[in-house]
Amino acid sequence: MNGHRVSLTDNQFRNKVVIVQILGSWCPNCMDETNYFVSRYYKKYHAKGVEIIGLAYERTTDFALSQKTLQQLKTHFDVPYPLLITGYTPAKGDPEKSLPMLADFKGFPTTIIIDKKGYVRKIHTGFSGPGTGAYYTQFIDEFEKLTDKLLAE
């Protein structure tokens with residue numbers, strides 16, 4: 001959001017489990033996921049060796065406008081991890097254009113879980129928020145068990 005480039009090779013992410021959150025400030029499920037990451041997940045796992053990077057696909061390619069919208073999101077949720085402006089919109093095919101290794105992009109949010117060696121271990125599309133009851137509980141349980149496993153490797 002400040003115009004600096006960020007890379008998984010940066011010291012901050014080396015030998016860490018990295019969660020790449022593909023989101024948009026316009027996406028309600030992305031907001032539910034962001035709330036979970038901020039209010040529970042990041043607090044529980046950051047000190048254990050987990051980093052999160054948010055890749056934002058806003059409805060405009062105008063950097064200043066995207067920056068303003070994402071700052072509102074960052075402030076509202078008190079997001080402690082980097083939110084990056086991709087410069088792409090959620091239009092058909094744009095996420096695949098910016099992340100060509102992510103074939104057949106399904107939708108927002110999409111979460112990519114990368115292990116400490118830099119390998120993609122899981123890609124999850126969608127988010128079952130608290131309103132889904134048992135589905136939310138099941139997702140949290142599975143997501144956190146996978147995190148525990150990756151941290152132990």
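Tutor: A residue counts as buried when its relative accessible area is under 20%. Phe 108 has 16% relative accessibility, so Phe 108 counts as buried. Keep in mind that this is a predicted model.

Student: What about Phe 105, buried or exposed?

Tutor: Phe 105 is buried, with a relative accessible area of 18%.

Student: How are the rings of Phe 105 and Phe 108 placed?

Tutor: Their centres are 5.1 Å apart and their planes are at 70 degrees, so the pair is edge-to-face.

Student: Which residues does Ile 22 touch, apart from its neighbours within four places in sequence?

Tutor: Phe 105 and Phe 108 are among them, and so are Cys 30, Leu 55, Tyr 57 and Ile 112.

Student: New topic. How many residues are in the largest nonpolar core?

Tutor: That core has 46 residues. Ile 22 is one of those with the most contacts inside it, along with Ile 19, Tyr 36 and Tyr 41.

Student: Which parts of the chain supply it?

Tutor: Strands E1, E2, E3 and E4 and helices H1, H2 and H4 each supply at least two residues. The largest share, eight residues, comes from H1.

Student: Why would such residues sit together inside?

Tutor: In soluble globular proteins, nonpolar side chains tend to be buried together.

Student: Back to H1. What is its span?

Tutor: H1 has 18 residues and reaches 24 Å from its first C-alpha to its last, close to the 26 Å expected.

Student: Where is the kink in H1 centred?

Tutor: On Phe 37, and the kink is about 45 degrees. Phe 37 is also one of the buried residues of H1, which include Cys 30, Tyr 36, Tyr 41 and Tyr 42.

Student: What covers them?

Tutor: The cover for the buried residues of H1 includes strands E1, E2 and E4 and helices H2 and H4.

Student: How many aromatic pairs does the structure hold?

Tutor: It holds 16 aromatic pairs. In one of them, the rings of Tyr 42 and Tyr 81 have centres 5.8 Å apart and planes at 50 degrees, so that pair is tilted.

Student: Where do Tyr 42 and Tyr 81 lie?

Tutor: Tyr 42 is in helix H1 and Tyr 81 is in the loop between H2 and E3, so the pair ties together parts 39 residues apart in sequence. Both Tyr 42 and Tyr 81 are buried.

Student: Which residues form an aromatic cluster with Phe 37?

Tutor: Tyr 36, Tyr 41, Tyr 45, Phe 127, Tyr 136, Phe 139 and Phe 143 form one cluster with Phe 37.

Notes:
Residues numbered from 1 in each chain as written. Predicted model: local features only at pLDDT ≥ 70, side-chain atom pairs only at ≥ 80, totals over all residues. Heavy atoms only, no water. Core = buried A, V, L, I, M, F, W, Y, C linked by side-chain atoms within 4.5 Å. Buried < 20%, exposed > 50% of the residue type's maximum accessible area, 1.4 Å probe, protein only. Helix = DSSP H or I, 4+ residues; strand = E, 2+ residues; numbered from the N terminus. Contact = heavy atoms within 4.5 Å. Expected span 1.5 Å × (residues − 1). Bend = angle between axes of the 7 residues up to and from the residue. Phe/Tyr/Trp six-rings, centres within 6.5 Å; stacked < 30°, edge-to-face > 60°.
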